[in-house]
Amino acid sequence: MIFEILLTSCLAWDPTDCGTGRIPVDGDLAACRERARTIAANVPSSAELQSFICAQADQVPEFGFSEIAPGVFVHQGQYAARPTPENRGDLANFGFIIGESSVAVIDTGMHPWIGRAILAAIRRETALPISAIVLTGPRAGRVLGARPLLEDGGSVIGHAGLADTVAQATPEYLGDLWAAGLDDLTASDIVLPDSGVEDTRTISLGNRELVLTAIAYGPTGQDLMVRDTQTGTLFLGDLLSHRRPPVISADLIGWIEALERLTSEPAERIVPGHGPVALPWPGGAAPTLRYLKSVLEDAEVEIARGTPEAEAIQRIGANERGKWLFFDDIHPGNATRTLKVLQEE
C-alpha cells in the first residue's frame with residue numbers, strides 16, 4: 001500500500017509563502033508517520049514546517065492531524081485574525097493523545113463541526129473511549145467544539161475559574177460566530193467544565209500520564225498547560241503563539257513571568273496555540289516573549305513621558321511590525337488594553 005506524506009512548509013523569512021509537497025512512502029501507516037517525524041526534525045533553517053500529515057494515496061482527509069510524537073496528534077488551525085465564512089472558525093491548534101486505555105482531547109475548536117471532525121479523526125486511529133476533554137483556556141477556539149466529543153461520557157476539565165468565564169462570555173462567543181456566518185450554534189451547544197484545576201492534576205490514559213498545570217497569570221487568567229510525560233510534549237494553548245500576535249487580555253507582567261519560568265522546564269517540543277503543529281523548546285517561546293516584553297516596556301515608557309493615548313498606541317510595540325501576520329488587526333487592541341491597565345495601577 002502506498003502512503004503519502006503531505007509536508008506543508010513556509011519560507012522562514014516570509015510565513016505567507018507556503019507550499020505543500022507530497023512524498024510517497026512504500027509501507028504501512030506507521031512507517032509513513034515515522035518517516036514524516038524524521039523529515040520534520042530535519043527541516044532546513046530556510047523553511048518553517050507547518051504540518052506533516054500521512055494519508056493513503058488519493059485519500060487525504062479533509063481535516064488533517066500530524067502525529068508529532070508517538071500517539072500525539074495535532075491539527076494546525078488556519079492563519080487568520082478572526083472567524084470568517086471561509087475559515088469556518090478553524091483558527092486554533094488542538095489535538096488528542098492516545099493511551100493504552102483511553103484518549104484525551106486537548107482543546108476542541110471554535111464550533112461543534114470542529115468537534116465532530118476531531119471525533120472522526122480519533123475514530124480513524126482508535127476505538128478507545130475519550131476519557132478527558134481538557135480545555136486550556138476560555139477563548140472560543142478552545143471550548144466551543146466540545147459537545148460532539150461527549151459521546152463516551154468523558155470528563156471536561158479546565159482551570160478552576162474557567163466555567164464562570166465561559167458562562168459569562170457565551171453571548172460574546174455567539175455574537176462573533178453569528179457575524180462570521182456560523183449561526184448554527186446556540187447557548188445549549190456550549191459545554192462547561194465538570195471540574196477545575198487549581199494547581200496541578202495528573203490524569204491517566206492507561207500507560208501514559210498527562211500533568212495539567214494551572215497558570216495563575218497568563219493570557220486569560222484561566223490557562224492550563226498540559227504535559228505528556230511519555231513524549232515530553234507540552235500543549236501551551238494561548239500561552240504561546242507563533243506568527244500570529246498573542247492576544248493580551250489579562251495580566252501581561254504575570255504572563256511574561258510565567259513563560260520565563262516555563263522555559264526552564266525540560267520538554268522535547270511544544271504545541272503553540274497558533275502556528276506550526278510543534279515548535280522546539282525553549283526556543284519556540286522566544287518570539288512571544290519578545291513581543292510581550294516590547295509591548296510592556298514601550299507602554300511604560302509612553303506613560304512616563306505623558307504621551308497622549310492615540311500617539312502612545314501607535315508607538316507601543318512598533319518595532320514588532322513586520323514580524324507578525326495580522327499585526328494591524330490584533331496589535332492595536334493589545335497596545336490599548338496594556339496602556340489602560342498600566343495607567344490604572
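I began at Cys10, which is buried at a relative accessible area of 2%. The model is a predicted one, and I kept that in mind for every entry below.

**Disulfides**

I looked for the partner of Cys10 and found Cys18, with the two sulfur atoms 1.9 Å apart in a disulfide. Cys18 is partly exposed, at 39% relative accessibility. I noted 95 degrees about the S-S bond for Cys10 and Cys18, a right-handed link.

I then turned to Cys32, which a disulfide joins to Cys54 with an S to S distance of 2.3 Å. This link is left-handed, at -95 degrees about the S-S bond. Cys32 sits in helix 1 (residues 29-40) and Cys54 in strand 3 (residues 47-56), so the bond ties together parts 22 residues apart in sequence. I checked burial for this pair, and both Cys32 and Cys54 are buried.

My tally is 2 disulfides. Counting bonded cysteines along the chain, I wrote down the pattern 1-2, 3-4.

**Salt bridges**

I searched the whole structure and recorded 20 salt bridges. I looked up several of them individually.

In one of these, the side chains of Arg22 and Glu4 meet at 2.6 Å, N to O. Arg22 is exposed at 51% relative accessibility, whereas Glu4 is buried at 15%.

Next I took Arg139 and Asp238, whose side chains form a salt bridge at 3.9 Å, N to O. This pair links distant parts of the chain, 99 residues apart: Arg139 is in the loop between strand 8 (130-134) and helix 3 (140-143), and Asp238 is in strand 14 (residues 233-241). I found both Arg139 and Asp238 buried.

For Asp228 and Arg208 I noted a salt bridge of 2.7 Å, N to O. Asp228 lies in strand 13 (residues 223-228) and Arg208 in the loop between strand 11 (200-204) and strand 12 (209-215), so the pair ties together parts 20 residues apart in sequence. Asp228 is buried at 0% relative accessibility, and Arg208 is buried at 3%.

**Surface charge**

Last, I looked at a negative surface patch, formed by Asp251, Glu257, Glu297, Glu300, Glu344 and Glu345. I followed up Glu300 and placed it in helix 6 (residues 286-305). Glu300 counts as partly exposed, at 39% relative accessibility.

Terms used. Residues are numbered from 1 along each chain as its sequence is written. This is a predicted model: local features need pLDDT of at least 70, side-chain atom pairs count only at pLDDT 80 or more; totals for chains, interfaces and linings use all residues. Side-chain values use heavy atoms; hydrogens and water are left out. Patches are made of residues with over 30% relative accessible area and no salt bridge: like charges are joined within 9 Å, nonpolar side chains (Val, Leu, Ile, Met, Phe, Trp, Tyr) within 5 Å. Accessible areas come from the Shrake-Rupley method with a 1.4 Å probe; for residues, only the protein chains shown count as cover. A salt bridge is a side-chain nitrogen of Lys or Arg within 4 Å of a carboxyl oxygen of Asp or Glu. Lys and Arg count as positive and Asp and Glu as negative; His and the chain ends are not counted. The place of a charge is taken as NZ of Lys, CZ of Arg, CG of Asp or CD of Glu. Helices (H or I, at least four residues) and strands (E, at least two) are DSSP runs, numbered from the N terminus. Buried means under 20% relative accessible area, exposed over 50%, partly exposed in between (1.4 Å probe, protein chains only). A disulfide is a pair of cysteine sulfur atoms within 2.5 Å.
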